[in-house]
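Open the model in your viewer and keep the selection panel at hand. Each stop below gives a selection and what to look for.

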Amino acid sequence: MGDFNYPHNDWVYVTSGPEAKIKFLDTCRWLNDFAIAVRILEVVKDKGGPHKEIYSYVIQELRPTLNEFGISTPEALGLDKA
């Protein structure tokens, strides 16, 4: 399991803009922790609540990073049906 106790990581950033999420995904890649990366995307979706356009926007902004790092979205993994 990854260690998120580094000073440059703070869970407050999960609710901020796409730039912070890119930093989290980069940290997940550095830690080689795919599960945490997918969980971050799940949290972003949950935080959007009924406003599905927020999640769509964030995924649109993160798409180049997701492709670069080889990270699948929860929908691509079938986790949205659970």
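**First stop: isoleucine 59**

Select isoleucine 59: it counts as buried, because its relative accessibility is 11% and buried means under 20% relative accessible area, with exposed over 50% and partly exposed in between (1.4 Å probe, protein chains only). This is a predicted model, where local features need pLDDT of at least 70, side-chain atom pairs count only at pLDDT 80 or more, and totals for chains, interfaces and linings use all residues. Residues are numbered from 1 along each chain as its sequence is written, and side-chain values use heavy atoms, with hydrogens and water left out.

Isoleucine 59 sits in helix α3. Helices are DSSP runs of H or I with at least four residues, strands are runs of E with at least two, and both are numbered from the N terminus. Now show its contacts (heavy atoms within 4.5 Å). Leaving out residues up to four places away in sequence, isoleucine 59 touches Leu41, Leu66 and Thr73. Draw a C-alpha to C-alpha distance from isoleucine 59 to threonine 73: 8.3 Å, across 14 residues of sequence.

**Along α3 to threonine 65**

Stay in helix α3 and select threonine 65. Threonine 65 is buried, at 9% relative accessible area. Beyond neighbours within four places in sequence, threonine 65 contacts Ile22 and Leu25.

**Over to α2**

Select residues 34–48, helix α2. α2 has 15 residues and spans 22 Å from first C-alpha to last, close to the expected 21 Å; the expected span is 1.5 Å times one less than the number of residues. Colour its buried set: Ile36, Ala37, Val38, Ile40, Leu41, Val44 and Gly48. What covers these residues? Their cover includes α1 (18–31) and α3 (52–69). Step to glycine 49, which follows α2 and has a positive phi, near 55°.

Select leucine 79, in the segment after α3. Leucine 79 is partly exposed, at 41% relative accessibility.

**Zoom out**

Of its 82 residues, 34% count as buried. Among contacts with a separation of 6 or more, 57% join residues 24 or more positions apart.
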